[in-house]
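Student: I'd like a close look at one part of this predicted model. Could you walk me through the salt bridges, pair by pair?

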Amino acid sequence: MNNQLHKKVWLIFAQTATVCMALLFVLRIFNPDFLNQKEHALVVKPNDQLQEATPAGSYRHAAKKAMPSVVNIFTSKAAAANPHEKFLDDPVFRHFFGDQFDDMETPSQPENSLGSGVIVSEKGLILTNNHVIATADAIEVALSDGRKLSAKVVGTDPDTDLALIKVDADNLPAITFASSDKLSVGDVVLAIGNPFGVGQTVTQGIVSALGRTHLGINIYENFIQTDASINPGNSGGALIDTEGSLVGINSAIYSRSGGSMGIGFAIPATLAQQVTEQIIAQGNVTRGWIGIEAQDITPELAESFRLKRPQGALIAGVLRNSPADKAGLRAGDILLAIEGKPVIDSGTMLNLIAALKPNQKATIQIARAEAIINISVIIGKRPKPSEIVSE
């Protein structure tokens with residue numbers, strides 16, 4: 001009797017289990033996530049807690065960091081005075097010139113131009129190109145937050161085409177300087193500015209070349225060349241790296257049409273920082289000078305002087321009583337190195353000497369009569385351009 005009862009209970013249990021398994025099977029077919037709903041509820045995070053991912057190839061974080069530090073600059077120059085103004089009410093003058101006199105009464109229009117600048121101090125100091133503000137009677141700066149403020153000139157350095165201006169504002173987003181000496185050809189860079197006055201714009205490219213000289217743009221040239229689009233209005237804007245730090249001040253373009261052709265030039269941030277610090281400290285820029293006239297070493301000159309390669313700067317002339325003259329340098333000497341740094345050409349020579357401080361004792365390596373000689377020179381202060389013909 002107990003045996004039969006035990007078999008009936010087991011049969012009922014087996015049938016119940018079979019029905020439950022069948023029911024679960026059916027539910028899984030029509031609702032695959034039936035058993036995983038609690039698990040999903042635990043692992044899914046709200047959208048506002050998800051970390052923002054940067055798409056591959058995007059430089060959004062670099063642009064976001066640097067863009068508030070780049071400003072738009074608007075300048076204006078008052079209309080030129082009419083030279084005939086004192087004769088406007090003279091009846092005799094009107095009698096002789098008749099209708100032509102009415103044309104003389106038309107006033108000339110004020111000149112307006114635009115450019116860009118980079119905030120280098122939270123206290124309102126802005127770095128830009130000298131040519132952006134050189135002839136301006138009034139300067140207005142448009143900040144990224146929409147404010148428009150008048151600016152005044154703190155100091156200029158026409159030899160590098162840099163200028164420092166100031167607005168009356170505090171807590172501005174100053175840019176972070178990077179060492180342009182660490183740049184390499186092929187590095188990705190972004191140019192930020194206000195091309196053609198359309199508003200703040202970011203363009204992307206690479207470093208095409210470094211140390212460009214002999215372009216005839218500035219006296220001191222050591223340009224970064226880039227294919228990032230630089231157009232009129234970009235002058236004075238920022239060239240940044242992929243970290244959003246400043247590597248150059250956009251300065252000029254090579255163009256036959258007035259627009260970008262993929263050849264733009266920027267002043268290295270290292271040089272820009274040196275100029276900025278000197279203007280802040282003393283209101284102007286002081287450069288080293290030794291008083292020589294130099295020219296590049298051509299392959300023909302290198303062969304004539306029996307040099308291994310066409311590198312260095314040939315001294316073509318020495319100014320009387322200059323530091324070079326007092327040190328014993330003379331025409332025909334070839335500058336090979338200054339303070340241990342190699343002289344590639346006359347452009348690098350000019351930059352190396354300019355970076356030295358007046359009254360500093362410097363060692364200059366030269367080639368003379370097939371011998372290598374080291375000469376000590378007491379660096380002088382570079383006179384104003386009107387006082388000298390050439391370095």
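Tutor: Let's start with aspartate 145 and arginine 147, whose side chains form a salt bridge with N and O 2.9 Å apart. Arginine 147 has a relative accessibility of 36%, so it counts as partly exposed. That is one of five salt bridges in the structure.

Next comes aspartate 159, which pairs with arginine 287, and here the closest N and O atoms are 3.9 Å apart. With the cut-off for a salt bridge at 4 Å, that distance still qualifies. Look at where the partners sit: aspartate 159 is in the loop between β5 (148–157) and β6 (162–167), while arginine 287 is in the loop between α7 and β13 (288–289), so this pair links distant parts of the chain, 128 residues apart. Both ends are tucked away: aspartate 159 is buried at 14% relative accessible area, and arginine 287 is buried too, at 8%. Buried here means under 20%.

Now for arginine 306 and glutamate 370, another salt bridge, with 3.2 Å between the closest N and O atoms. Arginine 306 belongs to the loop between α8 (299–304) and β15 (313–318), and glutamate 370 to the loop between β18 (361–368) and β19 (371–378), so the bridge ties together parts 64 residues apart in sequence.

One last thing to trace on screen: Asp157, Asp159 and Arg287 make up one network, joined by salt bridges that share partners.

Note on methods
Residues numbered from 1 in each chain as written. Predicted model: local features only at pLDDT ≥ 70, side-chain atom pairs only at ≥ 80, totals over all residues. Heavy atoms only, no water. Buried < 20%, exposed > 50% of the residue type's maximum accessible area, 1.4 Å probe, protein only. Helix = DSSP H or I, 4+ residues; strand = E, 2+ residues; numbered from the N terminus.
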